Amino acid sequence: MTLAYRTYRPLSVAKIELYDGDLLLFRRRGLISIAGRGLHSHAAKVAWWGEVPFCLEVREWYGGRAVTLASQVLRYPGKIDVFRVNPSNRWPEYDRFASTRYMRRLAGCDYGYAGVAAAALLHLPIVRTFVTAEVEDSAIEHRPPFCSQACAMADRIAGGVDPTPHLADRLTEPADLARSPFYRYAFTLVDG
């Protein structure tokens with residue numbers, strides 16, 4: 001997804017517009033954005049703890065973790081796009097709080113390096129010719145998740161809505177989430 005324009009908001013102002021379960025997509029160069037289908041390389045979710053917004057994520061080198069959103073905005077100013085989950089309440093069965101609880105339970109899990117490698121292999125020209133992407137989530141995944149897989153699983157398993165119904169969670173990349181009608185771009189966070 002390419003955003004024709006971005007709306008920049010300081011975190012201090014945007015706090016009142018952040019909700020549990022909102023999607024955070026990070027724009028930076030990395031294996032996922034280079035081999036993937038878009039400009040985002042990392043996915044996470046917003047969670048409120050008291051008066052503080054947190055970033056729930058499964059990140060390379062760290063695994064599952066919860067960090068303040070302010071710390072991530074300081075580290076990546078102007079690179080974190082906020083996507084509103086379930087715009088216009090189109091999916092009334094969606095439970096944003098259950099999705100957030102699912103992501104919280106991933107804190108401490110390992111990072112899914114094998115899953116990232118499997119998803120990246122599907123982009124190789126020869127492999128792409130002979131292998132089609134898996135669309136069913138019915139297979140039980142025993143490997144640790146990677147970032148966008150964790151977000152898709154949280155929304156599908158706990159939240160009750162599959163954000164990428166034509167793609168298995170284990171192959172879902174940040175760019176797939178950005179294109180999903182289940183999310184809508186709201187603004188980009190900057191420090192301040």
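How far is the sulfur of Cys-151 from the closest cysteine sulfur, and in which residue does that sulfur lie? The closest one is in Cys-147, at 6.8 Å, which is too far for a bond. This briefing concerns a predicted model of a protein with 192 residues, of which 52% count as buried. The secondary structure consists of eight helices and seven strands.

**Overall picture**

- Among contacts in the protein with a separation of 6 or more, 72% are between residues 24 or more positions apart.

**Cysteines**

- A disulfide is a covalent bond between the sulfur atoms of two cysteines.
- Across the whole structure, a search for disulfides finds zero.
- Cys-55 takes part in no disulfide, and the cysteine sulfur nearest to its own belongs to Cys-151, 8.7 Å away.
- A pair of cysteine sulfur atoms must lie within 2.5 Å to count as a disulfide, so the 6.8 Å between the sulfur of Cys-151 and that of Cys-147 rules out a bond there.
- Cys-55 is buried, at a relative accessible area of 0%.
- Cys-151 is likewise buried, with a relative accessible area of 0%.

- Strand S2, residues 23-27, pairs with S3 in the antiparallel sense, and five bridges link the two.
- Within this pairing, Leu-23 is found opposite Lys-45 of S3.
- Strand S3, residues 40-49, is mostly covered, as eight of its 10 residues are buried.
- On S3, the pairing with S4 is also antiparallel and comprises six bridges.
- Val-46 has Cys-55 in S4 as its bridge partner, and Cys-55 is the buried cysteine described above.
- A hairpin is formed by S3 and S4, with two residues between the strands, and Gly-50 in its turn shows a positive phi of about 65°.
- Strand S4, residues 52-59, is joined by six bridges to strand S5, residues 63-68, and these two strands run antiparallel.
- Val-58 has its bridge partner, Gly-64, in S5.
- Three residues lie between the strands in the hairpin of S4 and S5, where Trp-61 adopts a positive phi near 75°.
- In a regular strand, side chains alternate between the two faces of the sheet.

**Helix H4**

- Helix H4 spans residues 96-105, and its buried residues are Ala-98, Ser-99, Thr-100, Tyr-102 and Met-103.
- An α-helix has 3.6 residues a turn, so residues three or four places apart point the same way.
- The packing partners of the buried residues of H4 are strand S3, strand S4 and helix H7.
- Where H4 starts, a side-chain oxygen of Asp-95 comes to within 3.1 Å of the backbone nitrogen of Phe-97.

**Helix H7 and Ser-148**

- Helix H7 covers residues 147-158, and Ser-148 has its place in this helix.
- Is Ser-148 buried or exposed? Ser-148 is buried, and its relative accessible area is 0%.
- Leaving aside residues up to four places away in sequence, Ser-148 touches Ala-43, Thr-172, Glu-173, Pro-174 and Leu-177.

How values were computed. Residues are numbered from 1 along each chain as its sequence is written. This is a predicted model: local features need pLDDT of at least 70, side-chain atom pairs count only at pLDDT 80 or more; totals for chains, interfaces and linings use all residues. Side-chain values use heavy atoms; hydrogens and water are left out. Buried means under 20% relative accessible area, exposed over 50%, partly exposed in between (1.4 Å probe, protein chains only). Helices (H or I, at least four residues) and strands (E, at least two) are DSSP runs, numbered from the N terminus. Contact means heavy atoms within 4.5 Å. A polar contact is a pair of N or O atoms within 3.5 Å; within protein, one must be able to donate a hydrogen and the other to accept it, and residues adjacent in sequence count only if both atoms are side-chain atoms. Two strands pair if DSSP finds at least two bridges between them.
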